[in-house]
Amino acid sequence: MTFEKNTLKILEKALGELEAGFGSLPEFDHSLDLDAVQDVIMQVVHRMQDNYPYFHPLYAGQMLKPPHPMARLAYMLSMWINPNNHALDGGRASSHLEKEAVAELAAMFGWDVFLGHLTGGGTMANLEALWIAGRVKPGQKVVASQQAHYTHQRLSDVLGLPFEAIECDTKGRMDMNALRRILDKGDVGTVVATIGSTGTGSVDPLAQILALRQKYGFRLHADAAYGGYFVLADNTAPETRAAYDRLHEVDSLVVDPHKHGLQPYGCGCILFRDPAVGSYYNHDSPYTYFSSSELHLGEISLECSRPGASAVALWATQKLLPMTRDGAFAQSLASCRRAAMALHGKLSADERFRPLFAPELDIVVFTPRGDRISEISRRSEELFRTAARHDLHLATFTYPCRLLDATWSDVDMDAETVTAIRVCLMKPEHEAWLDRIWAIMDETATALSF
Ligand SMILES: *Cc1c(COP(=O)(O)O)cnc(C)c1O
C-alpha cells in the first residue's frame, strides 16, 4: 500500500499563497541544516514504523479513524502560523473559523443559540460539562451508566462531586428501572446519557430519561463523544433514532470531531444549550451573558492555550463535506452502520460465532461459541491474536456476564466477565472491505477449529 501524498503538492502551492499575504514584511533568516533535519526525521520514520496500521481498512480494533486529507492539509498549513485559540490576539483568523465550525456542529444538533467551543478532546469537554453541572447543582450526585466512559467517574472525583454508576440492560444501555430507583433517593443533580458507548456503541434511551427529568428536575448531559455525528445517519434503528431526535433537549452535549469527524487528535467540542452558563466561568470580561456572536473563546474555556490548527482543519473539512443529512459525510456514516449490520448478519448466521446484540451504531461485539465462559474468553483472545498475524486488527472487550441475554442460557457461567471481540467499522472504506475482513475472520476461526 501507499500513502496519499498528492495533497503535499497542494500544500506547497497554498504555502506560497499564504506567505504572499505577509509579503510586505522584511525577510528573516530561516536557514536550516537540512542534512541534520533529514537524519533525525529518518530516525523518526523508523520509530514510527512500530505502529499498528491505524489508517488501513484492515484495522478495525480501537476507535481510530484517520483524519481526512483535507483536515491534514489544513492542519499542516496552519503550522506555518501556529495560531493559539486561547484568545483573539493569538489566533485571530482561527478563532473566527472555530466559531463558525462550532456553530455548524451546534446546528447539526438543532441549536442556533448555544455556548460552545473546541477542546483538546472528549475528556476536557466532559470535564467542562460536569464542572458547569456541579456549579448548577452544587454537591449533588452525578450518575452515568456502567457502560459510560470511565472518565465520568474520574472527572466527578476531580470536581469533588459524588458519583454513582447505573446498571445496564442486556444491550449495554442505561437501565431505566435502576435509574428511577437512584433518582428516588433524591440526591441526583446530573444524569449523563451516553449516546454511543465506547465499548459497544449503545445509545441510552434518551426519550425516557427526558421524561424522568420532567419529574425529577436533574441536569442532563449527553456524552455523544463517539456517537454524536450519527444524528446525520438515516439508517439507525427506530429506537436509536428516537434518542437522536430528542438530543437537542439536553442541557449540554459533547461530541469529538477527532473520533468520527475526520480530524487529527486534539479536537473535542463542548456545547451548552443555555448560553447563560457563561456566567459561571470566572473571567474579567464585562459580559455576564454570552451568545454565539459574543463569545470570546478564552473567556469561556477551562483550557487556555489550544491549537488554532484544530479549528482550521475542522472548518476546512466541514466546508468540503458539509454536515447535511443528504451529504457525502452523512452517507459515509450510514455506510459504516451498514457495514456493522452486515457483519452482525454474517456472525448471527454462523454457528461458530455469537454476537452480543445487534449494533446500534457501527461497533459490533461478538464471541466465538463455547460451552463455558472461560473457554469463550480464551477463544476470543486466540482469534484476536491470530487475526492480527493475518493483518486484521480487532480489539478485545471485557463484558459483564450478568448483562448477557437469555440466548446465553446454554453456557456455563464459570466467570463474572467474558472477553469478547470488538470490531469498530468506523472508516469510510470499511463497507467495501467487509468481505475481506470476513474472509480473514472465517479462515482464522477455521484454523483455530472453533
Ligand atoms: C472517547 C470517549 C470519551 C473520551 O474522549 P477523549 O477524546 O478520548 O478524551 C468520552 N466519552 C465517550 C463516550 C468516548 O467515546
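A polar contact is a pair of N or O atoms within 3.5 Å; within protein, one must be able to donate a hydrogen and the other to accept it, and residues adjacent in sequence count only if both atoms are side-chain atoms. The structure is a predicted model, in which local features need pLDDT of at least 70, side-chain atom pairs count only at pLDDT 80 or more, and totals for chains, interfaces and linings use all residues. Residues are numbered from 1 along each chain as its sequence is written, and side-chain values use heavy atoms, with hydrogens and water left out.

S377 belongs to helix 12 (residues 373-389), helices being DSSP runs of H or I of at least four residues, numbered from the N terminus. A polar atom of the S377 side chain lies 2.9 Å from the backbone nitrogen of T419. Beyond its neighbours within four places in sequence, S377 is in contact with T417, V418 and T419 (heavy atoms within 4.5 Å). S377 counts as buried because its relative accessibility is 11%, the limit being under 20% relative accessible area with a 1.4 Å probe and protein chains only.

Pockets were located on a 1 Å grid over the protein atoms alone, as open sets of points where a 1.4 Å probe fits, with protein on both sides within 12 Å along at least five of seven lines; lining residues have an atom within 4 Å of a point. The largest pocket has a volume of about 1,700 Å³, taken as the space filled by probe spheres set on the points. Its lining comprises 43 residues, with F3, E4, F55, P67 and R72 nearest the centre. Helix 2 contributes the most to this lining, with 7 residues.

Technical notes
Helices (H or I, at least four residues) and strands (E, at least two) are DSSP runs, numbered from the N terminus. Buried means under 20% relative accessible area, exposed over 50%, partly exposed in between (1.4 Å probe, protein chains only).
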